[in-house]
Amino acid sequence: MYHFFVNPEQIGEREIKITGKDVNHIKNVLRMQSGEEIAVSSGQDSKKYRCEIAKLSEEEITAKIMWAEEAGMELPNKIYLFQGLPKSDKMELIIQKAVELGVYEIVPVATKRAVVKLDLKKEQNKRKRWQAISESAAKQSKRMMIPQIHSVMTFQEAVLYAKEMDVKIIPYELAEGMSKTREIFGNIKKGQSVAVFIGPEGGFDEQEADFAAENGILPVTLGKRILRTETAGMAVLSMLVFCLEPEE
C-alpha cells in the first residue's frame, strides 16, 4: 500500500486533504482512482490513517478516513546522527540508510578533516535534496515520521547541541575493546536520546576527540577493521536497533 505524508492541519475528523507534489504522483504517476486505498501519516506522531481516495482534482486529493491505528514503527529512542561531511554524494546514501534504520534527526557536521566545504547557497540546495531523500526513505521503509536534516554545524556547535542528550557516543580508533562498547550499548534505556558522532574520511582531529571527551561523549570501538565513513554510522545504528527494538 502506498504511504503519504501530510501536515497535521490537513487531517480532519473524517477526511484528509492531500496537496502539493503528491497530487501529481498519485494521479499521473501511480494513476490511482477513486476507491483505491492509501496510508497517510502526519510525520509527527505514530498514528497511521488507512484511507480511501474519495475525490481527485488538479490541486487536491480528498481521502476518506477508514480507520486510524498506532503503527508502532518507530524506535523507543530518538537517535541523532552527527555525520562529518563526506566527499561526493556519500551523504545521500548515508541519509537514505540512516532513515531506513530509524534515525530521528541527521546533523551534517563540518569537521577539521572534512574535504567538503559548503557555502550558504550550496548548503541550502544540498539540504533541500537531502530532505527529499529523507522523505523518500521514510515512505519506503514505512516510517511514521520524516527525519529532519539539520543545517550544517561546526564540530563545536554539534557537541554543544548534543550536550543535553542522554547518551553520547563517538567511534574512535583509540577506544577500549568491544566489551566496553557492549556495556555502553546494553545500558541504554528505553526513551533515552542517543547522539552518534561519525567522522568524515580521515576521522576526527585529536583536538576534536579531546573536546568530545571533555563534554561527556563516550568513545566506542566498532571492531578491529577500519570502516569507511558511510559504513561506520550504519554499523552503529544497526547495533542500536538490535539493542533497542521492542520485543514483539
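Colleague: Which residues does Gly43 touch, not counting residues up to four places away in sequence?

Modeller: Gly43 touches Phe5, Met144, Met145 and Ile146, where contact means heavy atoms within 4.5 Å. This is a predicted model, so local features need pLDDT of at least 70 and side-chain atom pairs count only at pLDDT 80 or more, while totals for chains, interfaces and linings use all residues. Residues are numbered from 1 along each chain as its sequence is written, and side-chain values use heavy atoms, with hydrogens and water left out.

Colleague: Where is Gly43 found?

Modeller: Gly43 lies in the loop between strand S3 (37-41) and strand S4 (47-56). Helices (H or I, at least four residues) and strands (E, at least two) are DSSP runs, numbered from the N terminus.

Colleague: Why is Gly43 called buried?

Modeller: Buried means under 20% relative accessible area, exposed over 50%, and partly exposed in between, using a 1.4 Å probe and protein chains only. Gly43 has 15%, so Gly43 counts as buried.

Colleague: Good to know! Now the rings: how many aromatic pairs does a search of the whole structure find?

Modeller: The search finds five. Rings of Phe, Tyr and Trp (its six-membered ring) pair if their centres lie within 6.5 Å; planes under 30 degrees apart count as stacked, over 60 as edge-to-face and the rest as tilted.

Colleague: What makes the pair of Phe82 and Tyr161 edge-to-face?

Modeller: The centres are 6.1 Å apart and the planes are at 70°, so the pair is edge-to-face. This pair links distant parts of the chain, with Phe82 in strand S6 (residues 79-84) and Tyr161 in helix H4 (residues 155-161), 79 residues apart.

Colleague: Are these two residues buried or partly exposed, and why?

Modeller: Phe82 has 1% relative accessibility and therefore counts as buried, whereas Tyr161, at 32%, is partly exposed.

Colleague: And why is the pair of Phe82 and Phe197 called stacked?

Modeller: Their ring centres are 4.4 Å apart and their planes are at 5°, so this pair is stacked. Phe82 in strand S6 and Phe197 in strand S11 (residues 194-198) are 115 residues apart, so this pair too links distant parts of the chain. Phe197 is buried, because its relative accessible area is 1%.

Colleague: Which residues form one aromatic cluster?

Modeller: Phe82, Phe155, Tyr161, Phe197 and Phe204 do.

Colleague: One last thing: to how many disulfides does the count come?

Modeller: A disulfide is a pair of cysteine sulfur atoms within 2.5 Å, and by this rule the count is zero. As for cysteine accessibility, Cys51 is buried at 0%, while Cys243 is partly exposed at 39%.
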